[in-house]
Amino acid sequence: MIKALTPFLSLIYLIITFSCGIFYLRDFKRKGAILACVLLLAFSNLYLLWYETPYAIWFDGLSVVAILALVYLLEYKTAFKVLSLVEGIYLVLLILGKTVFAHTPQGLALLCIAFLLKLAVFPVFLWLPIVVKTIDAITAGFFICSFELIDFVLLWRVIEEASLFPQFFLMLKELLLLIGILTLLFGAGLALCERNLKKLLAYATIDDTGYLLIGLSLFSPASLYGAIILWINHVIAKLGLFFIVYQIEKNTHPLVLGRIKGLAKYYPGLAFSFLVFALTLIGVPILPGFWGKLFLYQEVLKISKPLFGFMLLGSCLTLVYFIRAYHSLFLGAEEEEKVKSPLPKLESGLIMFLSLTIVLSFFMLSFFKGW
């Protein structure tokens with residue numbers, strides 16, 4: 001299944017890279033060096049997406065070098081230190097899993113830990129909000145969406161290989177299911193308590209990753225379809241939200257919920273886009289996120305009602321923190337002194353991601369009507 005998706009995922013990755021690259025060339029210094037890092041990152045990650053060969057480990061290393069170089073060039077010292085530690089541990093686990101313990105349950109376990117670390121799941125998720133808070137919203141969106149796209153594919157491949165070891169495969173699925181539900185609940189719970197919008201989106205990413213792990217752990221056709229829909233929906237909607245944060249942050253103080261209000265008057269296009277992206281991540285009918293969660297809920301309900309209840313709780317928390325964020329930013333009494341001019345227009349990249357979400361909604365609706 002994942003092989004059949006490779007061309008489509010490659011297209012999405014190229015769209016992400018191209019969209020973020022436009023911002024880097026337009027708004028950032030050191031354009032040439034940054035562009036070189038982005039191109040190196042794209043080259044290495046696309047190789048990892050298409051091929052699983054003995055040379056893949058070198059492209060993993062190139063990917064790590066590229067993202068660290070990008071963060072270093074942008075002078076995000078805290079993020080560079082945290083990412084250096086995370087990426088260093090990732091590389092050690094990867095090398096051990098693909099060389100010393102290659103094609104063994106122990107090696108597959110090490111690879112799973114490596115990819116779960118990069119995906120920022122429970123209990124190793126706290127590094128992601130720290131990094132996202134200390135970098136600009138474009139780099140945060142690019143980092144989260146591109147690496148989630150690649151690392152989820154790599155994790156999927158490891159689980160497929162683990163199916164060759166039945167006892168280990170069963171244990172791995174149970175562990176991933178537990179990690180998935182804990183990741184979902186902790187991500188949603190911490191997002192509910194967060195006031196910094198970039199950190200809130202980081203916790204929301206952790207929340208969404210929990211759903212992906214649940215779908216992957218069940219490893220049934222329906223759960224995998226659900227995970228794929230949520231996966232693609234999350235990448236599009238989350239990058240769109242980071243674009244919105246970037247555009248508003250250029251003209252206001254740092255986005256802290258409760259301090260900035262009434263922005264719908266100044267940014268009606270951004271307000272509408274934020275609402276659409278938030279609603280699809282919540283899983284509101286008829287948007288793409290609804291269909292992905294519907295698949296997962298049906299599968300989870302077959303095996304465990306308590307687990308279904310926990311997932312429903314996570315969705316309710318997601319509803320609360322996104323609606324609270326929308327109301328806090330775009331509604332309420334306006335505060336003119338905190339908004340500078342000139343005001344940004346609705347960027348073409350944001351329009352593209354909004355259009356993709358709407359088109360995907362109609363596609364899913366027509367598909368299920370026919371089905």
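In which crossing, left-handed or right-handed, does H9 pass H13? The views below are taken from a predicted model, in which local features need pLDDT of at least 70, side-chain atom pairs count only at pLDDT 80 or more, and totals for chains, interfaces and linings use all residues. Residues are numbered from 1 along each chain as its sequence is written, and side-chain values use heavy atoms, with hydrogens and water left out.

**View 1. Crossing of helices H9 and H13.** H9 passes H13 in a left-handed crossing, that is, the near helix is turned anticlockwise from the far one by less than a right angle. The axes of H9 (residues 197–218) and H13 (residues 305–330) come within 12 Å and cross at roughly 155 degrees. Helices are DSSP runs (H or I, at least four residues), numbered from the N terminus. Axes are lines fitted to C-alpha atoms, for helices over the stretch in contact, with angles from 0 to 180 degrees between N-to-C directions. H9 and H13 are therefore roughly antiparallel to each other, a term for angles over 145 degrees.

**View 2. Residues at the contact of H9 with H13.** From H9, Leu 197, Leu 200, Leu 201, Ala 204, Asp 207, Tyr 211 and Ile 214 meet Met 311, Gly 314, Ser 315, Thr 318, Tyr 321, Phe 322, Arg 324, Ala 325 and Leu 329 of H13. Contact means heavy atoms within 4.5 Å. By class, the contact of H9 with H13 holds eleven nonpolar, three polar and two charged residues. Here Ala, Val, Leu, Ile, Met, Phe, Trp, Tyr, Cys and Pro count as nonpolar, Asp, Glu, Lys and Arg as charged, and the others, Gly among them, as polar.

**View 3. The largest nonpolar core.** This core has 139 residues, and those with the most contacts inside it are Tyr 24, Trp 127, Trp 231, Phe 274 and Phe 330. A nonpolar core is a set of buried Ala, Val, Leu, Ile, Met, Phe, Trp, Tyr and Cys residues joined through side-chain atoms within 4.5 Å. Buried means under 20% relative accessible area, exposed over 50%, and partly exposed in between (1.4 Å probe, protein chains only). Leaving aside residues up to four places away in sequence, Tyr 24 touches Lys 31, Ile 34, Val 38, Leu 70, Leu 74, Ile 138, Thr 139 and Phe 142.

View 4. Phe 59 lies in helix H3 (residues 56–73) and is buried, with a relative accessible area of 15%. Not counting residues up to four places away in sequence, Phe 59 touches Phe 43, Ser 44, Tyr 47 and Leu 48. Ala 264 lies in the loop between helix H10 (221–249) and helix H11 (268–282) and, at 23% relative accessibility, counts as partly exposed. With the sequence limit of four places again applied, Ala 264 touches Ala 271 and Phe 330.

**View 5. Backbone features in loops.** A cis peptide bond, with omega of about 5 degrees, joins Phe 122 and Pro 123. Pro 123 is in the loop between helix H5 (105–119) and helix H6 (127–133). Ala 120 is in the loop between H5 and H6, has a positive phi near 60 degrees, and is buried at a relative accessible area of 0%. His 103, in the loop between helix H4 (77–100) and H5, has a positive phi of about 60 degrees although it is not a glycine. At 62% relative accessibility, His 103 counts as exposed.

Conventions: Helices (H or I, at least four residues) and strands (E, at least two) are DSSP runs, numbered from the N terminus. Angles under 35 degrees count as roughly parallel, over 145 as roughly antiparallel, 65 to 115 as roughly perpendicular and the rest as oblique.
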